[in-house]
Amino acid sequence: MLYRGDVAMTTQPSLLDGLLGTEEACAADAHDGSSAPSLAPLADGLERHELSRGAWVDVRPGWVQPSQGLFEHLLADVPWRAERRQMYDREVDVPRLLCFYGEEAVLPHPLLARARDVLSAHYLPELGEPLRTAGLCLYRDGRDGVAWHGDRLGRSSREDTVVAIISLGAPRPLVLRPRGGGATALRVPVGHGDLLVMGGSCQRTWEHAVPKTARPVGPRVSVQLRPRGVR
């Protein structure tokens, strides 16, 4: 979930200091140890929420289990970047760290490639094409978030599409509302290996956000899998 507009990108190797081993992020997965992560059967526990105007959201809690090892691997090995963007007459920090993997890039963990393949096969009848790219976001604490938006860069501004999000680490709510404003219509806490998929017209007709919070929360990594030409 990237902000639109011009950004200046700088590598920030020290921004992860203190995140690895964060007690809050590890609490719910402390039993996982160093076991290799795997994917649970996708259809088991997958629930669809029909929205309006052809939009829908699928949720599969705990799809990646155990998830703590994968979370720590991504924290340590992904080349996270901080970005700045223009807001009115000044530049501001984008409140999260980012990394993008294009179609030809090797993903930072084999399980993510496996997840992309499984999701591509499952949603092929609705999407008609595979998922190809991966955008990763790191929400370091409650001060990081993403404002109301839709992923409408590229074909998703005019076509139905699918955006699949795997969440790792401390749960944060992903909220949705109809495009143009109004009350939150769906609120889904996601973390610890949960899967959330937005499909149909969702990117064009609805908006989603990860609100900032003053509550103490640990870091969360979001892995967004998308088809070609969708950002």
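How many bridges join β10 to strand β15, and in which direction do the two run, parallel or antiparallel? The two strands are joined by 2 bridges and run antiparallel.

## Model and confidence

This is a predicted model, in which local features need pLDDT of at least 70 and side-chain atom pairs count only at pLDDT 80 or more, while totals for chains, interfaces and linings use all residues. Residues are numbered from 1 along each chain as its sequence is written, and side-chain values use heavy atoms, with hydrogens and water left out.

The pLDDT (the predictor's confidence in each residue, from 0 to 100) averages 86 over the chain, and 84% of the residues score at least 70. Residues 1–15 have pLDDT below 50; beyond near neighbours in sequence, this stretch has 42 contacts (heavy atoms within 4.5 Å) in the model. Residues 21–33 also have pLDDT below 50, with 20 contacts beyond near neighbours in sequence. Where pLDDT is low, the predicted coordinates should not be read in detail.

## The four-stranded sheet

Strands here are DSSP runs of E with at least two residues, and helices are runs of H or I with at least four, both numbered from the N terminus. Two strands pair if DSSP finds at least two bridges between them. An open sheet is formed by 4 strands in the order β10-β15-β12-β13, with antiparallel pairing. Strands β10 (146–149) and β13 are at the edges with a single partner strand each, so one side of each lacks a neighbour in the sheet. From one strand to the next the twist averages 15°, where axes are lines fitted to C-alpha atoms, for helices over the stretch in contact, and angles run from 0 to 180 degrees between N-to-C directions.

Strand β15 covers residues 206–210. Within it, His 208 stands opposite His 149.

Val 190 lies in β13 (residues 186–190). Its relative accessible area is 2%, so Val 190 is buried (under 20%; exposed is over 50% and partly exposed in between, with a 1.4 Å probe and protein chains only). Leaving aside neighbours within four places in sequence, its contacts are Ser 167, Ala 170, Pro 171, Arg 172, Leu 174, Leu 196 and Arg 220. Arg 60 is 130 residues away along the chain, and its C-alpha atom is 9.6 Å from that of Val 190.

## Ser 120 and the cysteines

Ser 120 belongs to helix α3 (residues 110–127) and is buried at 11% relative accessibility. Beyond four places in sequence, Ser 120 contacts Pro 130 and Leu 131.

Cys 99 is buried at 13%, and Cys 202 is buried at 2%. The whole structure contains 0 disulfides (pairs of cysteine sulfur atoms within 2.5 Å).
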